[in-house]
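Here are some quick notes for anyone opening this entry for the first time. Have a look at the model, then read on.

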Amino acid sequence: MAVAAALVPGVPLSAEERRLDFADALEQRGYHDMAIFYLQRLGQRSGVPADVREVIPYRVARALVKTARSKRDLTKQQQDLEEARSRLEQFLQQSPGHRLAADANRQLGEILKQRGRMLVIQSHLASNQDQRPELQGRARELLHLAQRHYQAARDDYAARLDELPRRVDQTEEKEKHEAQTPAYEGRIRSALDLAGIQYELAQTYDRIAPKRREHLEEAGRRFEEIHARYRTTMAGLSARMWQGKCLHELGEIGKAIGIYSELLDLDPQGAASTKEIDARTIEEVKQLQDRVLHFRLMCLNDARRKDHKLVIEEARQWRGQNPRLLRSERGMGISWELARAYEAIGNAEGDGSGRRERWFPKAVAVAEEIARYESPYNAKAVAMQERLTGRAGARRDEDFRGAMRLARAALDRGQAAERKGRGTDDPSEAKRFAQVAREEFAEAARRYRDAVRLAEPETDPEEVNQARYMRAVANYKMGRSYDAAVLSAFVARRYPQSDHAPAAAYLALAAHLQAYNKSREEDREADLQFLLQSAELLTERWPDSSEADRARIALGYVALERNDPVTAARWYGAVPEHSDSYVEAQQKAGSAYWQAYLLAAGLTPEDRPAEEQLEQLLQRAREHLEKGITRMRRTLGDREPSYDLLASELSLAQIHVQTGDYAAALSLLEPLVEQVSGSDRRDLAAEGKFVREAYKAALRAYVGAGRLDEAERAMRQLESLETGDLSLVGIYQELGSELQREVDRRRKLGDAEGLSEVLASFEAFLERMLQKRDGQTFRTLHWIGEAYYGMAEGLSSSEESGPGAERVRSLFGSAAQAYEEILRHAGETPGFAPSTAALDAIRLRLVRCRRGQGQFREALELLADLLRENARSVDVQREGAYVFQEWAESDRSSWDRAIYGGLAVEEDSRQTELVWGWGKFAQMLQSVATKDSPYYDTWHEARFNLAYCRYRSALEQADPIAQGRQLDLAEQDIRFTVSLTDDQGGPEWYKRFDRLLRDIQRAGNRRATGLAGVGVP
Amino acid sequence: MAYRRCSILLAATVVVAGALTGRADTVQRVGDGRSVGGTVVERSRTVITVRRPNERNVTVPANEIEAIRYDGEPPKLNLGRVAERRGDLDTALRFYRESASGTGEVLSQPVREEIEFYVARCTAKLAQNQPELLPEAATQLERFRDQHADSHYYFPLHESLGTVYAAQGRTESARQAFEVVRSAPWKDSRLRARVAEGRLLQGEKKHEAAVALFDEILAEGGGTPEAERQLRAARLAKASSLVGLERYEEAEALIEEVIDDAPPEDSIQAEAHNALGDCLRAAGRPAKEALLAYLYVDLLCASEREQHAKALFYLSQLWEDIGRPARAEDALDRLKAEHPNSVWAKQ
């Protein structure tokens, strides 16, 4: 029996004890082996003070006693205790008058008690049935010897106390008080030891033996006495607990539970009756209460009580509240009672009831948990696992190989479930398979972890590394990215010579990539750094491995994700020529450079790189693609071109189209289109868009080259590919947007000649298509409308007046003509349009065209119809606000309508504005415009335009006071907007808000500090 | 260039607007130094002048200033200082930011300046463990440097800036920043700067040069408690270079010297024990010996968060080496739970 370690608080440390702080800390953590190692080294070091050196045998012995407790192997336990005993005897012999001599006697008593206990345990083994009385007799002898040492300790403490004055003034005679306190404390402790020995002696008799009862009664009486005398100390509370234990073993379960309840009800913080319990002992009281709970659960599990469900409830509650204590001895004790309760309920269910399946696995799971760590319960826990294996359907991994087999099987089952999940169209089935896969992967991860633990010294280290690596794989499959990353990085960094190391390093990278993809935008930076570190490890240590190439490609992907195509291209370009991934990497590098070119070309003149740099990007894009194509063509022979080859050719053709080299584009596209048309190649089908993109590029190239017949044919072929009108609508919108981007890019680059060519060629083609009276379909007209619309939008931002503006208005007009044609046909021919929604989108486009033409009244009429049908449509309301805004721009009046709304109608006898205006529009969006919502950008757009309209309105004011007020309002709008988000809507909006604020400040004759001046960095 | 411009302004002082209006500011000194109450009337890079209620002026050297609590500052500001002192940097930063924006009142220039510095310093400290914050920390510190060239935080600011640059691998910029710190009129600041410069050399693997520099520093001797502390830091840093030169026995002896010499509660004990663990590992000594060194940090210096994370990382490896996988796993679990953002947790 062990009593609470500290009986009274606040004993100041002596000089040598301070030096031994570290040994104490090691012991407190349960690292007794390391404490012994440390103390032994300390003993060998020179310069250690004599007073420290003197206590080392005592301290080593104390740690040996503790380490013995945690050993499963009884022989090793005995060896440790024997060594401890010899060290203590050495200490007592060398320093009989040392102040720790009494403690040494207690420790000796403790060792003898432990040895006695072990004999008691042995006497209970079935194999020792015949020797039982002898073992019990030897145990008693040892316990009596222990009793003598405890008594010696008690006498020593008492003698020291007698040497001191009865009452010590704590402030006047500090030294005496300090000496008295440990002696006082030791005397109480010895009293507990002596009572405890009676309890242990009881255990040396059979349950029905009268002597057992006598000793238990004697122990109970002594504990009661101690409690009565020291009830306000930790010793008193501890004695009370052991009194309860004695009562339990005497069969007085009710009384025992009563005592436990009394102790559990004790509030450590507010226990006025326990005056010595202060803040420093709260933790000790908590520890005692945990132990009391353990004893209480033992009572509840007792065959005479059988309150197993209550055990489950209380143990689970404790475990939930104390996750960090689960591995402590008291935590293990409570868990052990929980496992016993599960088993007992399972047993009570009876064979064949089927309900055991519910309880035994739970018991086995808890027992497995206990068996994992050192404690007095792990031997019992292992026995429980063995007992319930098979009965619970539970498996047991007895050795490394067994655990590996079970792990592999679980992993295979998980992967099979994953495959099934991918193969089903039923979402609920897919979900079920995903759940099964997750559970199996979790099982696999557990089994691999067990395998590592079960590895013997002679196990092949490569196999152990395989287990570590596979554990990481299972974690990765479960989506536990960081666990997978840490585990795999461990293999890669610690065992770089292992065959598994490169794969592990790659897995670490993949896991960080998984984490990166799952993280929120603002949390991604850390993941990226780790990802880069993993990549660095791979590319530096195994530069020629396929894993390093995959790492380069993964990093390229990440860079693209981060809108950094140049870095992406560099990563792709770093894949060496001998690599299997070379061709794929070249194609990706080319596309990334092309993307970089498009991004750079779209920048404002001040941000845009010099023309030579742009040309260089273009050149590199072409070079990488051509390199890949040449390499593939060279090795192609008679075989069918691979997907990578076709994709590279298509990318290169797209670049030619965009740069106006239509002939070069068609030289690649014509054979390619022929190759893929009517092809049933699965790889192309899997890529979905590939064939479509090829036709789109061909269409663009034919239009650009002025080969309008072929262009029309390509358009028809494109239409024939799609089965639904709606998907074709999507393609035409894409085509329109691409055209818009191209026009915009050429305009920004000042490529007047190229721009003019594109516009002219398209206008010619579209005009030809629009004038066809026969065979007009929704698709064709929609394509024409979108193409005109795209060109108009592309030109509109820079052409606000002059002949360019006229051209924009004309393009909007042509688009409007196509859209009106659609609406007319739809009115005449039911089923002409694929859906009402598609028609609504056309009507909205028509509004935009009317706005672009400066026909604001017509735009409003169309809008009114749309808003009457759905006043809360975000797209329609935004368009409404823009109509008013541009109207105000054109005639320099009516800014209020853009701000506060217009188009009044009567609704429920109240006048209301159909178009909300930017103010109400922004207000309506605010609650839904969270960062990850699609409205986040729209809300910033609305808030920006609100401030902009106020600013413009201010400029129109003749009265300086009114003007100042409007400018203040505009500034407040911006301040409010930027205060609500931490990114101000992103870099683009930041720039726009900043610029507008500076304009506002300048208009108010103030210093133009922009956002930085209002505290936004 | 920016450094040259700043040094020309060295002698300049700022007369605090709103002085002599009966405010009660408090200048808190570092350590147990007594606070000085009154009205801050003048501030410069090296000294703060406080007008006491008896109308007499008292000057406080800038290197003795822990913080200035201005009359009417937002209450959360001090909560931030307390949190920063106990190492809870995330909370500190939150309080600082709320102080800057949450009161609805217009803050005086000196209060704004204090807050700006705290935010920059706190971000810089956080960035040591979260490299993704380094650019932000550098920007904040640079902005403070440019906008408050005569702040009494001028030298500490450059120290933080140097540390951030060093972590970013911008060695030359870091060197320039430490050079500024070296121009401070106090010995402890100069020593700190020189130790930091030695560490830069270590980062460049110039161990011979670093050892020579550390020897020069050690020859200077201490004098004040802070200077003594810097000398101990220099000895530890020198030991690290000796490990780099594979002179393990000398390194170990030097570290043991620091361990014996430094007060047991001094935060340098954590760094010293980790350095000892590193040295023993590098020397190929039995794993248990290094384990003990790292365990010391785990058990007795867990409040030194960065060092604790490092110790747990190596413990997880060394436990495995001596066949204690459960303890290895425990160390790894605690590393992930207690220091989730640490660079050691995701190695």
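This is a predicted model: local features need pLDDT of at least 70, side-chain atom pairs count only at pLDDT 80 or more; totals for chains, interfaces and linings use all residues.

1. Chain A has 1017 residues, and 52% of them count as buried.

2. Taking the contacts in chain A with a separation of 6 or more, 62% join residues 24 or more positions apart.

3. Now for the partner. Chain A and chain B bury about 3,200 Å² between them, and carbon and sulfur atoms carry 58% of that area. Three residues stand out here: Phe22(A), Tyr31(A) and Met34(A) supply 18% of what chain A buries against chain B, more than any other three residues. In residue terms, the contact takes 34 from chain A and 33 from chain B.

4. There's charge at this contact too, with 7 salt bridges between chain A and chain B. One salt bridge to look up joins the side chains of Arg494(A) and Asp321(B), at 2.3 Å from N to O. Which elements of chain A give two or more residues to the side touching chain B? They are helices H2 (21-28), H3 (32-44), H18 (427-454), H19 (461-478), H20 (481-494) and H22 (524-541) of chain A. H20(A) gives the largest share, 7 residues. By type, that side of chain A divides into 17 nonpolar, 2 polar and 15 charged residues.

Note on methods: Residues are numbered from 1 along each chain as its sequence is written. Chains are lettered from A and ligands numbered from 1 in the order in which they are written. Side-chain values use heavy atoms; hydrogens and water are left out. Buried means under 20% relative accessible area, exposed over 50%, partly exposed in between (1.4 Å probe, protein chains only). Contact means heavy atoms within 4.5 Å. Buried area is the accessible area (1.4 Å probe) that two parts lose on being put together, summed over both. A salt bridge is a side-chain nitrogen of Lys or Arg within 4 Å of a carboxyl oxygen of Asp or Glu. Helices (H or I, at least four residues) and strands (E, at least two) are DSSP runs, numbered from the N terminus. Ala, Val, Leu, Ile, Met, Phe, Trp, Tyr, Cys and Pro count as nonpolar, Asp, Glu, Lys and Arg as charged, and the others, Gly among them, as polar.
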